[in-house]
Amino acid sequence: MIAGRNPVREALRAGRPINKILAARGTAAGPLAEILHLAREKNIPVQMVERAHLDKLNQGMPHQGVIAYAAARGYVEVEDILAAAHARGQDPFIVLLDEINDPHNLGAILRTVDAAGAHGVIIPQRRSVALTSAVARASAGAVEYVPVARVTNLDQTIRQLKEKGLWVVGADMAGPRVYWQAKLTGPLLLVIGGEGKGIGRLIKERCDMLVRLPMAGQVGSLNASVAAALLIYEVVRQRGLG
C-alpha cells in the first residue's frame, strides 16, 4: 500500500505495477488531478471513496487523499507468455481466469500452473483479484515464477489468441464433453470461470469447446482452483509431459 500524493505519483511515473488507486471524494479536480490523469493513461482502476475510509486503511498516518495498491509482482504482456513458450520449443499452454475473486484460489492456481509447466496466466483488470500479497502467500512462492498478464478486455484477448492459432477450451458444468474425452494437445488456452458463476456468457461463446467435470455428489461444482488443477494436469497427461 502506497499512501500520499508524491509517493503515488512517483510510483506511477516509474511504471511500478499498480492494482488500483483509492482517492478521496471531492479531490479529482484539485491536487490529485495529475495522479488521476496518469492512472487513466495507464488503465489503472480508480475508486472514489470517503476520506474516512482512507483514514481507516492507513491507520491514522497521512495519506493526503490517495492510496495506491501496488502489485506483489510485475505483470507481463500476453506476447511475453507466447514468447516464453516458443523459447522452450513448446506449443503455448495458457490459463485464462474469468473473474476469480478469491486470492487463495488465484494463488493455488498459480502454484498448479508452475508445477505443471504451463506458460502463464491471464486475468482481467477489473472484477478480479490482482497480484496482492495474499495471492503471493497462497501461491507458496509460485508468483515469482509464473508470468501473469493483466488485460483490459478478455474477449479481445481471446480473439487475438485464436488468430495466433490457440484452441480455446472452457470449463463449464453444462459442457457436452467430460474433460478427459476432449483433445487438449496443441496450442491451448484453458478458460476457468469465477467462483459461483463460472465463465461469462460472452467468453463462453468465444470458446471453441466446453468441457465439464463429472459431478456425482450433491454439491453442484468444484472449487475453482481444484477444477483448474484437474484440467491443467489432464493437459499435461495428454501432452506426455509427465
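**Sheets, Loops and Contacts in a Predicted Model**

Reader: Among contacts between residues at least 6 apart in sequence, what percentage joins residues at least 24 apart?
Author: In the protein, 80% of those contacts join residues at least 24 apart. A contact here means heavy atoms within 4.5 Å.

Reader: What conventions apply to the model?
Author: This is a predicted model, in which local features need pLDDT of at least 70 and side-chain atom pairs count only at pLDDT 80 or more, while totals for chains, interfaces and linings use all residues. Residues are numbered from 1 along each chain as its sequence is written, and side-chain values use heavy atoms, with hydrogens and water left out.

Reader: How many helices and strands are there?
Author: The protein has nine helices and 11 strands. Its radius of gyration is 19 Å, close to the 18 Å from the globule rule for 242 residues, so the protein is as compact as a globular protein of that length. Helices (H or I, at least four residues) and strands (E, at least two) are DSSP runs numbered from the N terminus. The radius is taken over C-alpha atoms, and the globule rule is 2.2 Å times the number of residues to the power 0.38.

Reader: What does the C-alpha trace span along its principal axes?
Author: The trace spans about 60 × 45 × 30 Å.

Reader: What percentage of the residues counts as buried?
Author: Of the 242 residues, 47% count as buried. Buried means under 20% relative accessible area, exposed means over 50%, and partly exposed lies in between (1.4 Å probe, protein chains only).

Reader: And how many positive and negative side chains are there?
Author: There are 29 positive and 21 negative side chains, and the centres of the two sets lie 2 Å apart. Lys and Arg count as positive and Asp and Glu as negative, leaving out His and the chain ends. Each charge is placed at NZ of Lys, CZ of Arg, CG of Asp or CD of Glu.

Reader: Turning to the sheets, what is the order of the open sheet of four strands?
Author: The order is 1-4-2-3, with mixed pairing. Strand 1 (2-3) and strand 3 (46-49) stand at the edges with a single partner strand each, so one side of each has no neighbour in the sheet. Two strands pair if DSSP finds at least two bridges between them.

Reader: In which sense do strand 2 and strand 3 pair?
Author: Strand 2 (residues 18-24) and strand 3 pair in the parallel sense over four bridges. Alanine 23 has valine 66 of strand 4 as its bridge partner, and stands opposite methionine 48 in strand 3.

Reader: How many of the residues of strand 2 are buried?
Author: Six of its seven residues are buried, which leaves strand 2 mostly covered.

Reader: What about the order of the open sheet of seven strands?
Author: That sheet has the order 7-6-5-10-8-11-9, with parallel pairing. Its edge strands are strand 7 (148-151) and strand 9 (177-178), each pairing on one side only.

Reader: Which strands pair with strand 8?
Author: Strand 8 is joined to strand 10 (residues 188-193) by four bridges, the two running parallel. Strand 8 and strand 11 (residues 209-212) pair in the parallel sense over three bridges. Tryptophan 167 has leucine 188 of strand 10 as bridge partner, and valine 169 has methionine 209 of strand 11. Strand 8 (residues 167-171) is mostly covered, with four of its five residues buried.

Reader: Now the loops: where is asparagine 43?
Author: Asparagine 43 is in the loop between helix 2 (33-41) and strand 3. With a relative accessible area of 42%, asparagine 43 is partly exposed. Not counting residues up to four places away in sequence, asparagine 43 touches Gln125 and Thr152.

Reader: Which residue other than glycine has a positive phi near 55 degrees?
Author: Glutamine 64 has such a value. Glutamine 64 lies in the loop between helix 3 (51-57) and strand 4, and is partly exposed at 40% relative accessibility. Alanine 140 also has a positive phi, of about 55 degrees, and sits in the loop between helix 6 (133-138) and strand 7. Most residues other than glycine have a negative phi.
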